Amino acid sequence: PKTAYVRTKPHLNIGTMGHVDHGKTTLTAAITKVLSDRGAGGAYTPFDRIDRAPEEARRGITINIAHVEYETDTRHYAHVDMPGHADYVKNMVTGAAQLDGAILVVSALDGVMPQTAEHVLLARQVGVDHIVVALNKADAGDDELTDLVELEVRELLTAHGYGGDSAPVVRVSGLRALEGDPRWTAAVEALLDAVDTYVPMPVRYTDAPFLLPVENVLTISGRGTVVTGAVERGAVRVGDRVEVLGAGITTVVTGLETFGKPMEAAEAGDSVALLLRGVPRDSVRRGHVAAAPGSVTPSRCFRAQVYVLSAREGGRTTPVSTGYRPQFYIRTADVVGEVDLGGAGLAHPGDTVPVTVELGRAVPLEPGLGFAIREGGRTVGAGTVTALL
Ligand code: GDP
Ligand code: MG
(Lines give C-alpha, C1' and ligand atoms only; values in the text may rest on other atoms or scores of the structure.)
(Ligands and ions follow the chains in the order given, each with its own letter.)
Protein backbone atom coordinates (compact mmCIF):
# COMPACT_ATOMS: atom_id res chain seq x y z
CA PRO A 1 0.00 0.00 0.00
CA LYS A 2 1.11 3.55 -0.67
CA THR A 3 2.14 5.83 2.18
CA ALA A 4 -0.53 8.39 3.01
CA TYR A 5 0.13 12.10 2.62
CA VAL A 6 0.77 13.64 6.03
CA ARG A 7 0.32 17.37 6.36
CA THR A 8 3.26 18.40 8.57
CA LYS A 9 4.19 21.76 7.01
CA PRO A 10 2.22 24.57 5.42
CA HIS A 11 1.70 23.97 1.69
CA LEU A 12 2.34 26.62 -0.97
CA ASN A 13 2.11 26.68 -4.75
CA ILE A 14 4.90 28.34 -6.65
CA GLY A 15 6.20 28.24 -10.18
CA THR A 16 9.01 29.23 -12.46
CA MET A 17 8.21 31.78 -15.12
CA GLY A 18 10.30 33.64 -17.67
CA HIS A 19 11.50 33.66 -21.25
CA VAL A 20 12.08 30.42 -23.14
CA ASP A 21 15.61 28.97 -22.69
CA HIS A 22 16.45 31.16 -19.70
CA GLY A 23 16.73 27.96 -17.65
CA LYS A 24 13.38 27.43 -15.88
CA THR A 25 13.37 23.65 -16.22
CA THR A 26 17.08 23.27 -15.38
CA LEU A 27 16.57 25.38 -12.25
CA THR A 28 13.47 23.38 -11.27
CA ALA A 29 15.47 20.15 -11.53
CA ALA A 30 18.36 21.74 -9.60
CA ILE A 31 16.04 22.80 -6.75
CA THR A 32 14.78 19.24 -6.32
CA LYS A 33 18.35 17.90 -6.46
CA VAL A 34 19.73 20.34 -3.89
CA LEU A 35 16.87 19.60 -1.49
CA SER A 36 16.96 15.84 -1.91
CA ASP A 37 20.78 15.78 -1.48
CA ARG A 38 20.27 17.71 1.75
CA GLY A 39 17.85 15.03 2.92
CA ALA A 40 14.88 17.38 2.96
CA GLY A 41 11.53 15.99 1.80
CA GLY A 42 10.87 15.32 -1.85
CA ALA A 43 12.79 13.34 -4.45
CA TYR A 44 15.16 14.57 -7.15
CA THR A 45 13.18 15.15 -10.35
CA PRO A 46 15.51 15.14 -13.38
CA PHE A 47 15.16 17.59 -16.26
CA ASP A 48 13.53 15.18 -18.71
CA ARG A 49 10.92 14.09 -16.16
CA ILE A 50 9.84 17.73 -15.85
CA ASP A 51 9.92 18.47 -19.59
CA ARG A 52 8.35 15.14 -20.62
CA ALA A 53 5.33 14.88 -22.90
CA PRO A 54 1.94 14.75 -21.16
CA GLU A 55 1.01 11.31 -22.56
CA GLU A 56 4.05 9.72 -20.94
CA ALA A 57 3.05 11.01 -17.55
CA ARG A 58 -0.33 9.31 -17.39
CA ARG A 59 0.63 6.55 -15.01
CA GLY A 60 -1.44 5.92 -11.90
CA ILE A 61 -3.32 8.80 -10.38
CA THR A 62 -0.89 11.48 -11.49
CA ILE A 63 -1.67 15.07 -10.78
CA ASN A 64 -0.90 17.77 -13.30
CA ILE A 65 2.24 16.69 -15.14
CA ALA A 66 3.95 20.04 -14.78
CA HIS A 67 4.10 19.90 -10.99
CA VAL A 68 7.05 18.78 -8.91
CA GLU A 69 6.98 18.53 -5.16
CA TYR A 70 9.63 19.40 -2.57
CA GLU A 71 10.08 20.53 1.02
CA THR A 72 12.28 23.12 2.61
CA ASP A 73 12.80 23.14 6.41
CA THR A 74 9.61 25.11 6.91
CA ARG A 75 7.32 24.45 3.96
CA HIS A 76 5.94 21.93 1.47
CA TYR A 77 5.88 23.27 -2.09
CA ALA A 78 4.13 22.24 -5.29
CA HIS A 79 6.13 23.80 -8.09
CA VAL A 80 4.81 24.23 -11.61
CA ASP A 81 7.12 24.48 -14.62
CA MET A 82 5.65 24.81 -18.09
CA PRO A 83 7.34 23.61 -21.26
CA GLY A 84 6.24 26.46 -23.50
CA HIS A 85 4.84 29.94 -23.45
CA ALA A 86 1.34 28.84 -24.51
CA ASP A 87 1.18 26.23 -21.72
CA TYR A 88 2.26 28.92 -19.31
CA VAL A 89 -0.63 31.14 -20.35
CA LYS A 90 -3.19 28.36 -20.17
CA ASN A 91 -2.15 26.91 -16.83
CA MET A 92 -0.80 29.74 -14.83
CA VAL A 93 -2.13 32.96 -16.18
CA THR A 94 -5.70 31.72 -16.05
CA GLY A 95 -5.17 31.10 -12.34
CA ALA A 96 -5.39 27.34 -12.76
CA ALA A 97 -2.06 26.86 -11.03
CA GLN A 98 -3.12 29.18 -8.18
CA LEU A 99 0.36 30.50 -7.61
CA ASP A 100 1.07 31.91 -4.18
CA GLY A 101 4.37 33.25 -5.48
CA ALA A 102 6.66 32.92 -8.48
CA ILE A 103 10.34 32.54 -9.29
CA LEU A 104 11.08 34.77 -12.27
CA VAL A 105 13.99 33.20 -14.15
CA VAL A 106 16.05 35.69 -16.14
CA SER A 107 19.21 34.72 -17.96
CA ALA A 108 22.09 36.91 -16.82
CA LEU A 109 23.40 36.65 -20.37
CA ASP A 110 20.27 37.82 -22.17
CA GLY A 111 18.41 40.03 -19.69
CA VAL A 112 14.71 40.92 -19.88
CA MET A 113 13.11 39.44 -23.01
CA PRO A 114 9.51 39.68 -24.33
CA GLN A 115 8.19 36.62 -22.45
CA THR A 116 9.88 37.85 -19.25
CA ALA A 117 7.84 41.03 -19.48
CA GLU A 118 4.64 39.25 -20.51
CA HIS A 119 4.81 36.82 -17.60
CA VAL A 120 5.32 39.63 -15.09
CA LEU A 121 2.37 41.53 -16.55
CA LEU A 122 0.11 38.51 -16.52
CA ALA A 123 1.21 37.45 -13.02
CA ARG A 124 0.08 40.89 -11.84
CA GLN A 125 -3.24 40.48 -13.63
CA VAL A 126 -4.02 37.16 -11.94
CA GLY A 127 -3.00 38.29 -8.49
CA VAL A 128 0.44 36.75 -7.93
CA ASP A 129 1.67 39.23 -5.33
CA HIS A 130 5.23 38.03 -4.69
CA ILE A 131 8.02 37.44 -7.18
CA VAL A 132 11.54 36.27 -6.35
CA VAL A 133 14.09 36.72 -9.13
CA ALA A 134 16.60 34.05 -10.13
CA LEU A 135 19.33 35.62 -12.26
CA ASN A 136 20.28 32.35 -13.90
CA LYS A 137 23.37 31.33 -15.90
CA ALA A 138 25.42 33.49 -13.53
CA ASP A 139 28.24 30.95 -14.05
CA ALA A 140 28.59 32.13 -17.64
CA GLY A 141 28.00 35.87 -17.29
CA ASP A 142 30.36 38.63 -16.19
CA ASP A 143 29.56 40.68 -13.09
CA GLU A 144 29.16 44.03 -14.80
CA LEU A 145 26.64 42.74 -17.31
CA THR A 146 24.80 40.85 -14.57
CA ASP A 147 24.58 44.08 -12.53
CA LEU A 148 22.90 45.76 -15.51
CA VAL A 149 20.47 42.85 -15.94
CA GLU A 150 19.60 43.08 -12.25
CA LEU A 151 18.77 46.80 -12.60
CA GLU A 152 16.68 46.06 -15.67
CA VAL A 153 14.68 43.34 -13.86
CA ARG A 154 14.10 45.55 -10.81
CA GLU A 155 12.78 48.29 -13.12
CA LEU A 156 10.46 45.82 -14.84
CA LEU A 157 9.06 44.69 -11.48
CA THR A 158 8.57 48.27 -10.29
CA ALA A 159 6.79 49.17 -13.54
CA HIS A 160 4.24 46.44 -12.72
CA GLY A 161 3.77 47.37 -9.08
CA TYR A 162 6.01 44.71 -7.55
CA GLY A 163 8.39 46.92 -5.56
CA GLY A 164 11.46 46.08 -7.60
CA ASP A 165 13.79 47.67 -5.03
CA SER A 166 12.87 45.22 -2.28
CA ALA A 167 12.31 42.03 -4.28
CA PRO A 168 15.01 39.40 -3.66
CA VAL A 169 17.30 38.92 -6.67
CA VAL A 170 19.55 35.87 -6.35
CA ARG A 171 22.35 34.98 -8.77
CA VAL A 172 22.20 31.28 -9.53
CA SER A 173 23.33 28.63 -11.95
CA GLY A 174 20.79 25.88 -12.30
CA LEU A 175 23.15 23.96 -14.56
CA ARG A 176 26.15 24.03 -12.18
CA ALA A 177 23.97 23.26 -9.14
CA LEU A 178 22.60 20.27 -11.01
CA GLU A 179 26.23 19.13 -11.52
CA GLY A 180 26.77 19.36 -7.76
CA ASP A 181 29.09 22.40 -7.76
CA PRO A 182 29.19 23.59 -4.10
CA ARG A 183 29.21 27.32 -4.88
CA TRP A 184 26.10 27.11 -7.05
CA THR A 185 24.41 24.62 -4.75
CA ALA A 186 24.70 27.28 -2.05
CA ALA A 187 23.20 29.82 -4.46
CA VAL A 188 20.13 27.62 -5.00
CA GLU A 189 19.84 27.26 -1.21
CA ALA A 190 19.91 31.06 -0.96
CA LEU A 191 17.16 31.28 -3.58
CA LEU A 192 15.00 28.85 -1.59
CA ASP A 193 15.60 30.84 1.60
CA ALA A 194 14.41 33.94 -0.25
CA VAL A 195 11.25 32.11 -1.38
CA ASP A 196 10.64 30.81 2.18
CA THR A 197 10.92 34.26 3.71
CA TYR A 198 9.67 36.61 0.99
CA VAL A 199 6.53 34.75 -0.15
CA PRO A 200 4.05 34.91 2.73
CA MET A 201 1.64 32.14 3.63
CA PRO A 202 -1.56 33.09 1.73
CA VAL A 203 -4.99 33.25 3.29
CA ARG A 204 -6.76 30.03 2.32
CA TYR A 205 -10.51 30.00 1.90
CA THR A 206 -10.88 26.60 3.51
CA ASP A 207 -14.32 27.41 4.98
CA ALA A 208 -15.90 28.32 1.61
CA PRO A 209 -17.82 25.68 -0.40
CA PHE A 210 -15.47 23.34 -2.27
CA LEU A 211 -14.39 24.33 -5.81
CA LEU A 212 -11.78 22.75 -8.09
CA PRO A 213 -11.22 23.73 -11.75
CA VAL A 214 -10.59 20.52 -13.71
CA GLU A 215 -7.15 20.52 -15.33
CA ASN A 216 -6.93 16.92 -16.52
CA VAL A 217 -9.11 13.84 -16.77
CA LEU A 218 -7.62 10.36 -16.57
CA THR A 219 -8.94 6.83 -16.50
CA ILE A 220 -7.46 4.44 -13.97
CA SER A 221 -8.31 0.93 -15.13
CA GLY A 222 -10.44 -0.87 -12.61
CA ARG A 223 -11.03 2.26 -10.56
CA GLY A 224 -12.80 4.73 -12.80
CA THR A 225 -12.50 8.35 -13.82
CA VAL A 226 -10.16 10.76 -12.09
CA VAL A 227 -10.08 14.53 -12.36
CA THR A 228 -7.03 16.52 -11.31
CA GLY A 229 -6.43 20.14 -10.42
CA ALA A 230 -5.71 22.56 -7.60
CA VAL A 231 -8.43 23.14 -4.98
CA GLU A 232 -9.37 26.81 -5.41
CA ARG A 233 -11.36 27.03 -2.20
CA GLY A 234 -13.04 24.97 0.49
CA ALA A 235 -12.25 21.36 1.34
CA VAL A 236 -13.32 17.95 0.14
CA ARG A 237 -13.29 14.55 1.85
CA VAL A 238 -13.63 11.01 0.60
CA GLY A 239 -17.38 10.32 0.57
CA ASP A 240 -18.43 13.92 -0.21
CA ARG A 241 -20.88 14.65 -3.00
CA VAL A 242 -19.64 16.95 -5.77
CA GLU A 243 -21.26 18.48 -8.80
CA VAL A 244 -19.27 18.65 -12.05
CA LEU A 245 -20.38 21.86 -13.75
CA GLY A 246 -20.16 21.58 -17.50
CA ALA A 247 -20.75 17.83 -17.37
CA GLY A 248 -24.13 18.09 -15.65
CA ILE A 249 -23.22 15.34 -13.20
CA THR A 250 -23.47 15.04 -9.43
CA THR A 251 -21.50 12.18 -7.91
CA VAL A 252 -19.45 11.00 -4.94
CA VAL A 253 -15.69 11.31 -4.34
CA THR A 254 -14.44 7.76 -3.76
CA GLY A 255 -10.71 8.54 -3.52
CA LEU A 256 -8.29 11.44 -3.08
CA GLU A 257 -4.57 11.61 -3.80
CA THR A 258 -1.83 14.20 -3.80
CA PHE A 259 1.50 13.48 -5.51
CA GLY A 260 0.57 9.81 -5.67
CA LYS A 261 -0.19 9.57 -1.95
CA PRO A 262 -3.73 8.89 -0.72
CA MET A 263 -5.31 11.49 1.55
CA GLU A 264 -8.59 11.69 3.51
CA ALA A 265 -9.26 15.38 2.92
CA ALA A 266 -7.94 18.02 0.52
CA GLU A 267 -8.20 21.74 1.11
CA ALA A 268 -7.74 25.04 -0.72
CA GLY A 269 -4.28 25.22 -2.25
CA ASP A 270 -3.76 21.45 -2.54
CA SER A 271 -3.04 19.82 -5.90
CA VAL A 272 -5.18 16.72 -5.98
CA ALA A 273 -6.63 13.86 -7.95
CA LEU A 274 -10.31 13.09 -7.26
CA LEU A 275 -11.64 9.66 -8.07
CA LEU A 276 -15.32 10.02 -9.04
CA ARG A 277 -17.95 7.29 -8.75
CA GLY A 278 -19.59 6.07 -11.96
CA VAL A 279 -18.53 8.92 -14.23
CA PRO A 280 -17.91 8.00 -17.90
CA ARG A 281 -14.49 9.23 -19.09
CA ASP A 282 -15.92 11.25 -21.99
CA SER A 283 -18.41 13.22 -19.93
CA VAL A 284 -15.78 15.28 -18.05
CA ARG A 285 -13.26 17.63 -19.63
CA ARG A 286 -10.60 20.15 -18.76
CA GLY A 287 -12.43 23.43 -18.14
CA HIS A 288 -15.24 21.84 -16.15
CA VAL A 289 -15.51 22.74 -12.46
CA ALA A 290 -16.02 20.31 -9.58
CA ALA A 291 -17.84 22.00 -6.71
CA ALA A 292 -20.01 21.46 -3.65
CA PRO A 293 -23.50 20.74 -5.13
CA GLY A 294 -25.55 23.92 -5.65
CA SER A 295 -22.75 26.27 -4.54
CA VAL A 296 -22.11 27.88 -7.94
CA THR A 297 -24.27 28.82 -10.92
CA PRO A 298 -22.62 29.12 -14.34
CA SER A 299 -23.17 32.35 -16.30
CA ARG A 300 -22.59 33.53 -19.85
CA CYS A 301 -22.70 37.34 -19.55
CA PHE A 302 -20.47 39.54 -17.45
CA ARG A 303 -18.86 42.93 -17.20
CA ALA A 304 -15.07 43.15 -16.90
CA GLN A 305 -12.14 45.49 -16.86
CA VAL A 306 -9.77 44.46 -19.64
CA TYR A 307 -6.20 45.42 -20.47
CA VAL A 308 -5.42 45.13 -24.18
CA LEU A 309 -1.73 44.23 -24.52
CA SER A 310 0.41 46.59 -26.54
CA ALA A 311 2.29 45.37 -29.61
CA ARG A 312 5.54 45.61 -27.58
CA GLU A 313 4.12 43.15 -25.06
CA GLY A 314 3.30 40.71 -27.85
CA GLY A 315 -0.28 41.91 -28.29
CA ARG A 316 -2.19 43.21 -31.30
CA THR A 317 -1.03 45.99 -33.55
CA THR A 318 -4.60 47.05 -34.43
CA PRO A 319 -7.52 48.09 -32.19
CA VAL A 320 -10.43 45.82 -31.27
CA SER A 321 -14.04 46.88 -31.75
CA THR A 322 -17.48 45.77 -30.60
CA GLY A 323 -18.28 42.36 -32.05
CA TYR A 324 -14.69 41.07 -31.50
CA ARG A 325 -14.76 37.29 -30.75
CA PRO A 326 -11.54 36.02 -29.12
CA GLN A 327 -11.00 33.02 -26.83
CA PHE A 328 -11.39 33.55 -23.09
CA TYR A 329 -9.23 31.48 -20.72
CA ILE A 330 -11.20 31.40 -17.49
CA ARG A 331 -9.77 29.13 -14.79
CA THR A 332 -9.00 26.05 -16.90
CA ALA A 333 -11.78 26.69 -19.46
CA ASP A 334 -11.17 27.93 -23.00
CA VAL A 335 -14.39 29.55 -24.29
CA VAL A 336 -15.18 31.84 -27.20
CA GLY A 337 -16.83 35.14 -26.25
CA GLU A 338 -18.16 38.24 -27.95
CA VAL A 339 -17.01 41.61 -26.69
CA ASP A 340 -19.12 44.79 -26.48
CA LEU A 341 -17.05 47.92 -25.89
CA GLY A 342 -20.03 50.19 -25.19
CA GLY A 343 -19.93 53.90 -26.08
CA ALA A 344 -16.32 54.08 -27.26
CA GLY A 345 -16.79 51.03 -29.47
CA LEU A 346 -13.01 50.72 -29.91
CA ALA A 347 -9.98 49.83 -27.76
CA HIS A 348 -6.36 50.28 -28.82
CA PRO A 349 -3.40 48.13 -27.81
CA GLY A 350 -2.20 49.46 -24.45
CA ASP A 351 -5.71 50.60 -23.34
CA THR A 352 -7.54 49.48 -20.21
CA VAL A 353 -11.28 49.46 -20.89
CA PRO A 354 -14.60 48.33 -19.38
CA VAL A 355 -16.29 45.68 -21.54
CA THR A 356 -19.36 43.47 -21.60
CA VAL A 357 -18.76 39.85 -22.65
CA GLU A 358 -21.17 37.17 -23.82
CA LEU A 359 -19.58 33.72 -23.71
CA GLY A 360 -20.41 30.87 -26.08
CA ARG A 361 -21.28 28.68 -23.08
CA ALA A 362 -21.94 29.22 -19.39
CA VAL A 363 -19.06 28.78 -16.93
CA PRO A 364 -18.86 29.52 -13.19
CA LEU A 365 -17.97 33.22 -12.82
CA GLU A 366 -17.68 35.68 -9.98
CA PRO A 367 -16.48 39.25 -9.47
CA GLY A 368 -12.72 39.39 -9.01
CA LEU A 369 -12.03 36.35 -11.17
CA GLY A 370 -9.10 36.88 -13.56
CA PHE A 371 -8.90 35.68 -17.15
CA ALA A 372 -6.72 35.89 -20.24
CA ILE A 373 -7.83 36.75 -23.77
CA ARG A 374 -6.15 34.81 -26.58
CA GLU A 375 -6.26 34.99 -30.32
CA GLY A 376 -4.39 32.84 -32.84
CA GLY A 377 -2.37 31.18 -30.09
CA ARG A 378 -1.13 34.32 -28.34
CA THR A 379 -2.25 36.44 -25.41
CA VAL A 380 -3.74 39.75 -26.48
CA GLY A 381 -5.39 40.83 -23.24
CA ALA A 382 -5.99 40.15 -19.58
CA GLY A 383 -8.96 41.08 -17.46
CA THR A 384 -10.94 40.77 -14.26
CA VAL A 385 -14.67 40.09 -13.92
CA THR A 386 -16.37 43.08 -12.26
CA ALA A 387 -20.05 42.04 -12.37
CA LEU A 388 -22.35 39.23 -13.56
CA LEU A 389 -25.30 40.14 -15.77
P1 GDP B 1 13.66 26.89 -20.15
O2 GDP B 1 13.17 26.95 -21.56
O3 GDP B 1 13.54 28.23 -19.49
O4 GDP B 1 13.02 25.80 -19.34
O5 GDP B 1 15.24 26.58 -20.21
P6 GDP B 1 16.03 25.21 -20.00
O7 GDP B 1 16.10 24.84 -18.58
O8 GDP B 1 15.52 24.21 -20.96
O9 GDP B 1 17.52 25.67 -20.41
C10 GDP B 1 17.81 26.19 -21.70
C11 GDP B 1 19.28 26.04 -22.01
O12 GDP B 1 20.06 26.82 -21.11
C13 GDP B 1 19.80 24.62 -21.87
O14 GDP B 1 20.72 24.36 -22.90
C15 GDP B 1 20.46 24.62 -20.52
O16 GDP B 1 21.48 23.66 -20.41
C17 GDP B 1 21.04 26.04 -20.44
N18 GDP B 1 21.13 26.47 -19.05
C19 GDP B 1 20.16 26.39 -18.10
N20 GDP B 1 20.60 26.86 -16.93
C21 GDP B 1 21.88 27.26 -17.13
C22 GDP B 1 22.86 27.83 -16.26
O23 GDP B 1 22.65 28.08 -15.08
N24 GDP B 1 24.08 28.11 -16.83
C25 GDP B 1 24.34 27.86 -18.13
N26 GDP B 1 25.56 28.18 -18.58
N27 GDP B 1 23.43 27.32 -18.97
C28 GDP B 1 22.22 27.02 -18.48
MG1 MG C 1 11.51 24.49 -19.85
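An oxygen atom of ligand 1 sits 2.9 Å from an N or O atom in the side chain of Thr25. Please keep in mind throughout that this is a predicted model. In Gly174, a backbone N or O atom lies 3.1 Å from an oxygen atom of ligand 1. For Leu175, the distance from a polar backbone atom to an oxygen atom of the ligand is 3.3 Å. Taken alone, ligand 1 exposes 580 Å², and the protein buries 77% of that.

Which elements give two or more residues to the shell around ligand 1? They are α1, residues 24-37, and α6, residues 174-178. Of the elements, α1 gives the most, with three residues. In total, 16 residues surround the ligand. The closest are Asp21, Lys24, Thr25, Thr26 and Asp139. Sorted by class, the shell has eight polar residues, four charged ones and four nonpolar ones.

Is Ser173 buried or exposed? Its relative accessible area is 1%, and the cut-off for buried is under 20%, so Ser173 counts as buried. A polar atom of the Ser173 side chain lies 3.0 Å from the backbone nitrogen of Arg176. Leaving out residues up to four places away in sequence, Ser173 touches Asn136, Lys137, Asp139 and Trp184.

Lys137 is in the loop between β5, residues 131-136, and α5, residues 143-159. Its phi is near 60°, a positive value in a residue other than glycine. As background, most residues other than glycine have a negative phi. How accessible is Lys137, then? Its relative accessibility is 26%, so Lys137 counts as partly exposed.

Another residue with a positive phi that is not glycine is Phe259, where the value is near 45°. Phe259 is found in the loop between β12, residues 249-258, and β13, residues 261-262. With 18% relative accessibility, and with the limit for buried at under 20%, Phe259 counts as buried.

Strand β23 covers residues 370-375 and is mostly covered, with five of its six residues buried. What does β23 pair with? One partner is strand β19, residues 327-330, joined to β23 by four bridges. These two strands run antiparallel, and Ile330 stands opposite Phe371 in β23.

Another partner is strand β24, residues 378-388, joined to β23 by six bridges and also antiparallel. Here Glu375 stands opposite Arg378 in β24. β23 and β24 form a hairpin with two residues between them. In the turn, Gly376 has a positive phi of about 50°.

How values were computed
Residues numbered from 1 in each chain as written. Chains lettered and ligands numbered in written order. Predicted model: local features only at pLDDT ≥ 70, side-chain atom pairs only at ≥ 80, totals over all residues. Heavy atoms only, no water. Buried < 20%, exposed > 50% of the residue type's maximum accessible area, 1.4 Å probe, protein only. Pairing = 2+ DSSP bridges. Near = heavy atom within 4 Å. Polar contact = N/O pair within 3.5 Å; in protein donor to acceptor, adjacent residues only side chain to side chain. Areas by Shrake-Rupley, 256 points an atom, 1.4 Å probe, with all protein chains shown as cover. Nonpolar A, V, L, I, M, F, W, Y, C, P; charged D, E, K, R; others polar. Contact = heavy atoms within 4.5 Å.
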